[in-house]
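Below is a short briefing on strand pairing and helix packing in one model. Please look over the sequence and the structure before reading on.

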Amino acid sequence: MAVFVYAENINGVYKKAAFEAVSYAKAVADQAGETVTAISVNPTDSSDLLYKYGATNVINIKDEGLKNFSAKAYAQAVSEVADGNIIVFPHTTDASSVAPMLAVMKNFSLITNVLEAPESQSPFQVKRKAFSGKGFMHAKAEGTGVILTVSQNAFGVKENAVSGSEEVKNLSVANEDTKVISHEQSSGKLDLKEAEIVVSAGRGMKGPENWGMVEELANVLGAATACSKPVSDIGWRPHTEHVGQTGKAISPNLYIAIGISGAIQHLAGVNSSKTIVVINSDAEAPFFKSADYGVVGDAFQIIPALTEKIKALKG
C-alpha cells in the first residue's frame with residue numbers, strides 16, 4: 001500500500017516544505033518497499049516538481065469550495081483520496097491543523113515534528129522534537145495507521161527523481177461552516193519557516209526606522225528577516241516575522257539575533273537552529289548562553305561592517 005504525502009501549495013504554488021515532505025515520504029516508502037502518492041488541493045504548479053523528489057503518483061484535488069482554507073474541509077478532502085496507512089504532512093501552520101483532524105477521522109496515530117526517517121516500521125517508531133524543541137523523544141504509533149508532520153529544515157529536500165503519473169479528482173467538500181477572517185501569509189521575499197538563514201532583531205534596534213541595516217544584511221546573506229515578540233507587539237515589524245513560543249518556530253542552518261535579550265519564550269522558537277550567532281551590547285544578555293558565537297558590541301557599528309565584509313567576500 002502506498003505511502004501518502006500532503007504536498008501543500010500556497011495559492012497553487014509548491015514551496016520548499018512540500019518538497020521536504022515528499023522527500024521524507026520517499027524515505028519512508030523505500031523502507032517499506034512501497035511507492036509515494038502525493039495529494040495536493042487546487043495546485044497550479046506542475047506535478048513534475050513532485051516527481052523530482054520521489055512521488056510516483058500525484059492526485060490533484062479540484063474543488064472550488066476549497067479555495068478558502070479550512071482545516072476540517074481539507075482533512076475531509078484528503079481523507080477521501082488517501083487510502084494508505086502512512087500519511088506525511090509538512091509541519092507548516094496550515095498542514096499542522098489539517099493533520100490532527102485527519103487523524104481523528106481515520107482513527108490513526110499522530111506524531112508531530114518528526115526529524116528523521118523511522119527507526120522501525122513495525123512497530124512504527126520515529127524520533128521527534130519535544131518540549132518546545134528543548135529535547136527529543138522516540139515516539140511509537142499504536143494505531144492502525146500513522147500521520148506524521150515533518151519538522152521544517154530537519155530532514156532536508158532530497159532529489160530522488162521517478163517517472164510519475166497524475167490523476168485529477170473532482171470533489172465537492174462541504175466548506176460552509178468556516179469563515180476566513182484573516183489568513184496571513186508572509187510578505188517577505190523568503191518564507192521564514194523555510195529559510196536556511198534568518199536575520200532577526202529586537203528592541204535593541206531602537207526603532208523601525210533602523211531596520212534598513214537588518215534587511216540589507218539579510219539581502220546579502222540571502223536570508224529571511226524575523227523579530228522578537230515585543231517588536232511585533234509595538235508594530236515595528238509585522239506579526240508574520242515574530243519568532244518564539246507564541247510566534248513561529250524555526251529551524252534554520254544559521255540564526256543571527258541582533259539586539260534580542262534571549263528570553264526563554266524566544267529561545268523556544270529558535271533553539272532548533274543549527275548555528276546561533278548573537279550580537280548584543282549587553283555582555284550579560286541571557287542569549288549568549290545559548291549562542292554558538294557571540295559578539296558584544298554596538299549593533300549600529302557591527303551590522304554595517306559585517307554587511308560590507310560579506311559583500312567583499314562575495315566579490
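Which residue in β15 is the bridge partner of Val198? The bridge partner is Tyr255. This is a predicted model, in which local features need pLDDT of at least 70 and side-chain atom pairs count only at pLDDT 80 or more, while totals for chains, interfaces and linings use all residues. Residues are numbered from 1 along each chain as its sequence is written, and side-chain values use heavy atoms, with hydrogens and water left out.

- Strand β13 spans residues 197–201; strands (E, at least two residues) and helices (H or I, at least four) are DSSP runs numbered from the N terminus.
- Four of the five residues of β13 are buried (under 20% relative accessible area, 1.4 Å probe, protein chains only).
- β13 pairs with β15 (residues 254–258) in the parallel sense over five bridges; pairing requires at least two DSSP bridges between two strands.
- β13 also pairs in the parallel sense with β14 (residues 224–227), over four bridges, and there Val198 has Ala224 as its bridge partner.

**Helices α3 and α4**
- α3 (residues 71–81) packs on α4 (residues 93–106) at about 55 degrees, with the axes 8 Å apart; axes are lines fitted to C-alpha atoms over the stretch in contact, and angles run from 0 to 180 degrees between N-to-C directions.
- The contact (heavy atoms within 4.5 Å) includes Ala71, Lys72 and Tyr74 of α3 and Ser97, Val98 and Met101 of α4.

Key. Buried < 20%, exposed > 50% of the residue type's maximum accessible area, 1.4 Å probe, protein only.
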